[in-house]
Amino acid sequence: MIVRPRPNAIALLFVIRGSVVPRIFPHLLAVGLFAAAVSALHELRWLSVPEFSLAPFTLLGVALSIFLGFRNNASYERWWEARKQWGAMVYEIRSLARSSETLLDLQAEHSAAGQLRHDLLHWCAAHCHALRGSLRQQDCRNELKSWLNDEDIERLFSHRNPAEYCLRRAGRIIGELYRQQHIDSVGLRILDEHLTRLAAVQAASERIATTPLPFAYTLLTHRTAYLYCYLLPFGLVPSLGWYAALFTVIVAYTFFGLDVLSEEMEEPFGCEANDLPLDALCRINEISIAESLGETPPPLLQPVKHVLQ
Amino acid sequence: MIVRPRPNAIALLFVIRGSVVPRIFPHLLAVGLFAAAVSALHELRWLSVPEFSLAPFTLLGVALSIFLGFRNNASYERWWEARKQWGAMVYEIRSLARSSETLLDLQAEHSAAGQLRHDLLHWCAAHCHALRGSLRQQDCRNELKSWLNDEDIERLFSHRNPAEYCLRRAGRIIGELYRQQHIDSVGLRILDEHLTRLAAVQAASERIATTPLPFAYTLLTHRTAYLYCYLLPFGLVPSLGWYAALFTVIVAYTFFGLDVLSEEMEEPFGCEANDLPLDALCRINEISIAESLGETPPPLLQPVKHVLQ
Amino acid sequence: MIVRPRPNAIALLFVIRGSVVPRIFPHLLAVGLFAAAVSALHELRWLSVPEFSLAPFTLLGVALSIFLGFRNNASYERWWEARKQWGAMVYEIRSLARSSETLLDLQAEHSAAGQLRHDLLHWCAAHCHALRGSLRQQDCRNELKSWLNDEDIERLFSHRNPAEYCLRRAGRIIGELYRQQHIDSVGLRILDEHLTRLAAVQAASERIATTPLPFAYTLLTHRTAYLYCYLLPFGLVPSLGWYAALFTVIVAYTFFGLDVLSEEMEEPFGCEANDLPLDALCRINEISIAESLGETPPPLLQPVKHVLQ
Amino acid sequence: MIVRPRPNAIALLFVIRGSVVPRIFPHLLAVGLFAAAVSALHELRWLSVPEFSLAPFTLLGVALSIFLGFRNNASYERWWEARKQWGAMVYEIRSLARSSETLLDLQAEHSAAGQLRHDLLHWCAAHCHALRGSLRQQDCRNELKSWLNDEDIERLFSHRNPAEYCLRRAGRIIGELYRQQHIDSVGLRILDEHLTRLAAVQAASERIATTPLPFAYTLLTHRTAYLYCYLLPFGLVPSLGWYAALFTVIVAYTFFGLDVLSEEMEEPFGCEANDLPLDALCRINEISIAESLGETPPPLLQPVKHVLQ
Amino acid sequence: MIVRPRPNAIALLFVIRGSVVPRIFPHLLAVGLFAAAVSALHELRWLSVPEFSLAPFTLLGVALSIFLGFRNNASYERWWEARKQWGAMVYEIRSLARSSETLLDLQAEHSAAGQLRHDLLHWCAAHCHALRGSLRQQDCRNELKSWLNDEDIERLFSHRNPAEYCLRRAGRIIGELYRQQHIDSVGLRILDEHLTRLAAVQAASERIATTPLPFAYTLLTHRTAYLYCYLLPFGLVPSLGWYAALFTVIVAYTFFGLDVLSEEMEEPFGCEANDLPLDALCRINEISIAESLGETPPPLLQPVKHVLQ
């Protein structure tokens, strides 16, 4: 995620980081050269090129605006829903830490209840890293080592869905607290509900990560945008002449830019500049858990070159 | 559902699978030939054809964009809500498995509570297959055999709504756990709530499957799009001549494409390429249940030719 | 509600049932004749008519598209929310039937608890019919007779809000179960929550039925659409001549069609072709209740001439 | 709120009540006279006036349609959310009445529990009036007299937020029921949750009433609409001549009408024709409470000249 | 937040406070002078300037309207969600005050339960100020002094997330009430749920404050709007001549205005004129808590020059 104070109006025109320009530059160049070639053929009358009026392009614009606007909204909503889910994870973990402290009698140093609560929260921290690992297809063993012992890590990865396994283990600890009568069934319900909502966050994240927007939208949008931009010079040349290439590139910049940006938003759990900072969110959870257990919390993650991972 | 890495920009232009082109090809051909005929009549002056200016088409475009944009959004929301509901099913089943493990004392091998929990989760797996079967009007007896005995399967299909019956049976098992005092009324409430939410998923799926978008929208959209595309050549011929057919086909591609795509999205539980992968989602639930019971989970389903069923 | 397999592309053009054409036909005829008269006066030069360019119509189109698009979305959302509420009723009733079976010990044939549960579910079936009756202002005594005795029906209709009275009676039965110690307070809570959500469905249905879209929207939309369509011939005649009438009718078809369709969607509880099938939804609830009580369920309602009431 | 059967298509064109025409008439007259003056100057060539082409107006139309469409949607959503909140109040009060009857043993005439329940529901009725009073800045002492004694009314108005005080008093009664052991802690929770949701309705209503749409939107919309309409005659005169005034007035009717309508919707708790009928909703609550207590309910409020207060 | 009665239609045109004009004035001046220069070069024929037709600008308008409309909606939704969250905080704190009074036996003056409840509510008031402080990066020690003693304030700021620490302390007090048997586990659950929802408000506020809209949107919108406005004079000059500058400034006013306004809405927790009045909302909470504890509430905050902080 790009985190930076908004540059002033003129600086904004030349910012590169976070911009989609680098990604679409080759396409802009191609369409610009093509438009220039059409202009040349037309202006120099070397060859007769078909010249269209611009009116048909406004008709196509109707369909294109539906596609682009729809896809953009849908992609952004995926991105924002993903962020909301990870925000929900933050407060569920904090609330689990708080509720367990409220419910349990932790006065006695190294009490049995205190040890079980310690394990419970460690498994929640592990859940958070395991989920990040599976969403981003990253290895998260290093981060897990702060929270689990090696045996547990091995057992974790022997299961199909490591994040689900973490919650199952957390559930077993709650069962332990119940059977040792540190909590009654209402207390069990309070703690179990937090796990259920963490499972909801996990399922929603997996839904977003594994269910792309219907592929046919990508095809329709992409194809219409390309057809539009490569036909446009024929419509612009009669009235704009040599300036047709300039306009074609500007129009292509906006359409291709929106296309590429929608693509980035669509998969919010990736590692691109505009994706969600899962590392930083995991760290926020780690700090909450550490402070709640009275341990020394690790430092907050800082953006590197305006990008927060 | 189409699952594939995004092809590069050029490959995207020629992808067929997941595209709506095959489905609308006959219509595109028809409208293209019609436009070519109009151009021919006009260019060769064999017959006088009425020539319209393009301006009226931009007026019609207002209404058409409302229809198409609205229908597309509504269809996509149905598709995405359906996916969310089945995502909710995933975490409700996982949470039911986890909560029941938390609540029950499963230490004793082959305990009564363990056997009841085993049955409870098996009925949930059956619920998921029975619902898929009724939504897709598929036979799901084969998949049910892994989870129920033959007698139960027979009894299941003797009820009007097999999926509802599965939850009723699951409820009876929870009642059994309650009366045998494995759980108290709070524990009953925890487990019962998961069943209520599975019932909610079922009712929402049935709602989407049995309540199409109002038929009048389909009619208005379809008719306006056809009228538009068949009148368009008369508007394009004066300025574009022979190229009118090209433009008509491009415009028709976007409008018919959106029409057909909205139709596919509208019924997310079908078996078409862009529909939801219910088989794969059922399998995810089966894996969760099997792992939670300590059984060997079946393998994940893989996409076949980029299509996940 | 229209329930039919989607006809093929050509048949779709000529379907009448579910279409808005019959309702707007007189208006289309009027506007078509008016446009033809304007064309005649213009073409035959019998009288000088003011001729406008088309450009001002695109300006008006901005406002019109905001009105129509907004009103259409708002009406559809009302319709869909109403459907969701009745879908929620389906699963709340199913869950009430299931939870009460889970909670109560029904082994003993004709137990007191069993009789109370029987009454509870019968009052829920009555609730559903009473609500339908008041939303559609239909008489529902006949349907109620299957579920209540005559005395109760009389008492029901002596109250201002019969559906609310049904839930109050159901609540009393739950109180009876509680005081007879068939359930504890947690059990009471489980059952009571279902009644609360049925009350929510009722209040939401009443809200939609009694609160129309602000009347000023209807006025603005209707007036702008009429002004637009009756002025349009003056704009079309200069460029289209005799074909102006054709285009005016097509544009009027889309605008009036959307106007009338929005009006139908706005009141989803009516009995028009595109309204919600409350009878069929009540029947679904009756089947759930009957099966849950071990009684013979009535048959599902079938669409008559593609219309499901 | 305007409540009337939809008039037929022709009557709709001349309806005044509920229309925004009376409010915007002076502005329409002004802009019409201005446009007529511009036409006169142009047609009679008394003075040279700048003549613009219409094209720039379509550019401005982009921005204007964003402003108007956005503001209209946001205002309508506020209005509809307000209605939903008051609908939620209806079912929370009904459910509180029902749940308290379910929980308490009311057999004994004039039992202590019955008296406390009577007070509890009376405070809820008072809450509803007090909230209406503060939202509309109306005096509601008269209506409160049916439900509270004079002393309580005085004490009520000695608090900053009378509606909040009603709920606090209702909470104390629930505490009384709990300490007198008419209900256990689960019963307390059931009743308390209804009060919490009534507090939610109150907070949401206060939010909508005290947080207008950002003032800058009102400014941008208003200014752009005025600039647009006063510049429009210069664009219309060249092609439409004397008819420019007619078109300007029609366009201004739609833009000013939407502006004024959005303004009315924005504050749904006012007393204008299109605002919410809080009096009628309070009465619905009073009827529910009276019937539930076995008292004679007051009559429903009826619309006066199609307006329901 | 700007709080003022709506000025009349003419006054609205000249209001400055709350308007975006002061912020975009330099940019309007720049673009206006540029347009005047282009007009001069064109009219006086001092230099040949490229003249474009206006048609390409309507094409660009498609993309621009998608960007601006989308960004505006997304920013407004952030602003409104932030307001909803703080409205939820208001009723959670009120409900916590009410529920704790319902649950606890406060008859005895200076009872132990009463003292704990007093502390609980004071920590909630502190939570609210601490959250405001961290969202606005303001120092809130002064406001905290009314609610906490110096030692607690010091300890508060020694934690990474002071607002989270307040809730943790509030949770400990609930635990104290539980272990001293003033409440049972159901009572604990009632109070704990309010804290969980306050944690949800906090997490949502932090989410909105720390996750800006994807930076690429800002870039695309800003760049397209600037390119558009600086190219526009070349399109307007041929038909409008010297008036091109007037139109360019009006168009730029709407586009730049929307751009700047979206930017303000995007960060609703700032201190600009259109941002949320967090100070006033904190005060509302303080009044609720003080009245509930029987203390003298502080006065409501009033807007200063129409601005409520």
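Biologist: How many salt bridges are there between chain B and chain C?

Modeller: There are 6 salt bridges between chain B and chain C. Please keep in mind that this is a predicted model. To count as a salt bridge, a side-chain nitrogen of Lys or Arg has to lie within 4 Å of a carboxyl oxygen of Asp or Glu. Here, Glu206(B) and Arg94(C) form a salt bridge through their side chains, at 3.3 Å from N to O.

Biologist: Which elements of chain B give two or more residues to the side that touches chain C?

Modeller: They are helices of chain B: helix H3 (55-103), helix H7 (162-179), helix H8 (185-210), helix H9 (215-240) and helix H10 (244-266). That side of chain B is made up of 34 nonpolar, 15 polar and 15 charged residues.

Biologist: How should I read the size of an interface?

Modeller: The size is often given as the accessible area lost when the parts come together. For chain B and chain C, the buried area is about 5,900 Å², and carbon and sulfur atoms give 66% of it. In residues, 64 of chain B are in contact with 72 of chain C.

Biologist: And what area do chain A and chain B bury between them?

Modeller: Chain A and chain B bury about 5,900 Å², with 66% of it on carbon and sulfur atoms. The contact involves 64 residues from chain A and 72 residues from chain B. Across this interface there are 6 salt bridges, and one salt bridge joins the side chains of Glu101(B) and Arg172(A) at 2.4 Å, N to O. The side of chain A that touches chain B divides into 34 nonpolar, 15 polar and 15 charged residues.

Biologist: What rotation superposes chain B on chain C?

Modeller: As a general idea, two copies of a chain are related by a rotation about an axis and a shift along it. In this model, a rotation of 72 degrees with 0.0 Å of shift along its axis superposes chain B on chain C, with an RMSD of 0.0 Å. The two copies are thus related as by a five-fold rotation axis.

Biologist: Which residue of chain B comes closest to the rotation axis?

Modeller: That is Val186(B), whose C-alpha is at 5.6 Å from the axis.

Biologist: Do the copies meet through matching or different surfaces?

Modeller: Through different surfaces, because only 6% of the interface residues of chain B are also interface residues in chain C.

Key
Residues numbered from 1 in each chain as written. Chains lettered and ligands numbered in written order. Predicted model: local features only at pLDDT ≥ 70, side-chain atom pairs only at ≥ 80, totals over all residues. Heavy atoms only, no water. Least-squares fit on C-alpha atoms with pLDDT ≥ 70 in both. Contact = heavy atoms within 4.5 Å. Buried area = accessible area lost by both parts, 1.4 Å probe. Helix = DSSP H or I, 4+ residues; strand = E, 2+ residues; numbered from the N terminus. Nonpolar A, V, L, I, M, F, W, Y, C, P; charged D, E, K, R; others polar.
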